[in-house]
Amino acid sequence: MQKRGVSTVFAIFSIAASIIILIAATNLAKRVATAEDVRQPFLAKDIALMFDALHAVPGNVQFNYKTTNFTQKITIDVIEANSVKVAPLFGQEYVFSFRPGIPTITSDEFSIGENKADVIEFIKSDSKIAASKKEVK
Amino acid sequence: MEAEGYEIGKKMMFYTFYVLIVALVLIAMVFIFRKYSLSPLETNPLVYVDVYVERFMGSPDCFAYKDSETGNVYSGMIDKSKFTADVLNKCYKKNIESPFEFSLTLVDQGKETTIETEEYSVLQRKTPLFVLINDKGEIRKGTLVVGIEGIK
C-alpha cells in the first residue's frame, strides 16, 4: 500500500513538472520564433527615431506606421516628452530617448497588439507632433 | 522493504536533479536568446547625428529659410538671422539620456559665427557641410561646420 501511494505521488509530481517545463519551453520557443524580444525594443527605438526624424521635416506630415503580429498587448508611452517606453503585458520594458524640439510632442499612452495588424499614426502639424493608434475599419 | 525504500530515494533524487537541470537550462536559454537577439538593434551613432543635422538644416523651427510670402521652406538654406544659440537650444532641447551635443560654425565670406548646445564641452568630430546662406534676401554659398560630442 505504501509503495503504491508513493508511486502515485511521484507520478503526479512528474506530470506536474512535465507540464510546467512544457509550458515554459513552449513560451520560450514562441518568443524566439516570433522574435518578440527583438521586435519590442525595435518598436521603441524606431518610434523614438521617428519623432527625431519628424522634427527635421520641413512641413506638415501625416504618416501611417504599420505593425503586425504582436502576440500580446503592448503599451506605448511617451514619457515627459523625451523618451518612448514600450511595455508588453508580460516581460521587460524598453525605453529609448529622443531629443525634443519645436514643434513639441504631445502624445498620450496607447496600446497595440490586440489586433493582428495595427496602425500607429504620426501627425506633424505646425505646433505639435503626435502619435496615436489609428482605428482601422 | 529496504530495497523498496532505496528505490524510492533513487527516484526522488533523479526527479529533483532532473527538474533543477531543466530549469537551469531554460533560464540559461532565456538569457542567451535575450543577449544575442538584442545585438542587431545596435545602431551606428552617426545615424542619429545625421537625423539631427537634417533637423538643423531642414526645419524652419531651426535654421532653414522660410519664405514669409509663400510659406515655402528651403531645406539646406540657412537663414542667417535665425543662426543663434537661442534658436539652436529651442530646436534641440536638452535630454539627459541623449548623448549628442553640437557646436555649429557658419562660415560666411570668411567670417565665422559659432553657436553651441547647452551641454557642449568637447569636440570629438568635425564635419563641414556646404550650404546656402540667406542674409536678408541675399543668397550666398557658405559652409556649416558641425562639431559633434557624444560619439562612443
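Me: Which strands form the open sheet of chain B, and in what order?
Reply: This is a predicted model, to begin with. In chain B, 6 strands make up an open sheet, ordered β1-β2-β5-β6-β3-β4, and the pairing is mixed.

Me: Which strands stand at the edges there?
Reply: β1 and β4 (111-116) of chain B. Each has a single partner strand, so one side of each is left without a neighbour in the sheet. Direction ignored, neighbouring strands of this sheet are turned by 45° against each other on average.

Me: And β2(B) with β5(B), parallel or antiparallel?
Reply: Parallel, over 3 bridges. In β5(B), Asn134(B) is the bridge partner of Asp79(B).

Me: What packs on that sheet?
Reply: α2(B) does, touching β1, β2, β3, β5 and β6 (138-149) of chain B. The direction of α2(B) makes about 85° with that of β2(B).

Me: How does the span of α2(B) compare with what its residues should give?
Reply: The helix covers residues 45-58 of chain B, which is 14 residues. At 1.5 Å a residue these should span 20 Å, and the end C-alpha atoms are 20 Å apart, so the two agree.

Me: Which residues of α2(B) are buried?
Reply: Tyr48(B), Val51(B), Tyr52(B), Glu54(B), Arg55(B), Phe56(B), Met57(B) and Gly58(B). Charged residues are on that list too: Glu54(B) and Arg55(B).

Me: What covers them?
Reply: From chain B, the cover includes β1 (64-66), β2 (73-79), α3 (85-91), β3 (101-108) and β5 (125-135). It also includes α2 (36-55) of chain A.

Me: That brings in the other chain. How many residues are in contact between A and B?
Reply: 32 residues of chain A are in contact with 33 residues of chain B. On the chain A side, the elements that give two or more residues are α1 (2-34) and α2. α1(A) gives the most, with 11 residues.

Me: What is that side made of, by class?
Reply: The side of chain A that touches chain B has 20 nonpolar, 7 polar and 5 charged residues.

Me: New topic. What is the strand order in the sheet of chain A?
Reply: Chain A has an open sheet of 4 strands in the order β4-β3-β2-β6, with antiparallel pairing. β4 (94-97) and β6 (110-112) of chain A stand at the edges, each with a single partner strand, so one side of each is left without a neighbour in the sheet. The twist averages 20° from one strand to the next.

Me: How many bridges join β2(A) to β3(A)?
Reply: 6 bridges join β2 (residues 74-79) to β3 (residues 83-88) of chain A, running antiparallel. Asp77(A) stands opposite Lys85(A) in β3(A).

Me: And how many join β3(A) to β4(A)?
Reply: 4 bridges, with the two strands again antiparallel. Ser83(A) stands opposite Ser97(A) in β4(A).

Me: Which residue takes a positive phi in that hairpin?
Reply: Gly91(A), near 110°. The hairpin has 5 residues between the strands β3(A) and β4(A).

Me: Last thing, domains. Where are the bounds in chain A?
Reply: The domain assignment gives domain 1 (1-34) and domain 2 (35-134) for chain A. Their C-alpha centres lie 40 Å apart.

Me: What does the assignment give for chain B?
Reply: Domain 1 (2-40) and domain 2 (43-149). The C-alpha centres of these two domains of chain B lie 58 Å apart.

Technical notes
Residues are numbered from 1 along each chain as its sequence is written. Chains are lettered from A and ligands numbered from 1 in the order in which they are written. This is a predicted model: local features need pLDDT of at least 70, side-chain atom pairs count only at pLDDT 80 or more; totals for chains, interfaces and linings use all residues. Two strands pair if DSSP finds at least two bridges between them. Axes are lines fitted to C-alpha atoms, for helices over the stretch in contact, and angles run from 0 to 180 degrees between N-to-C directions. Domain bounds come from an automatic or database domain assignment. The expected span of a helix is 1.5 Å times one less than its number of residues. A residue is buried if 20 or more other C-beta atoms lie within 10 Å of its own, exposed if 12 or fewer, and partly exposed in between; C-beta atoms are placed from the backbone. Two residues are in contact if their C-beta atoms, placed from the backbone, lie within 7 Å.
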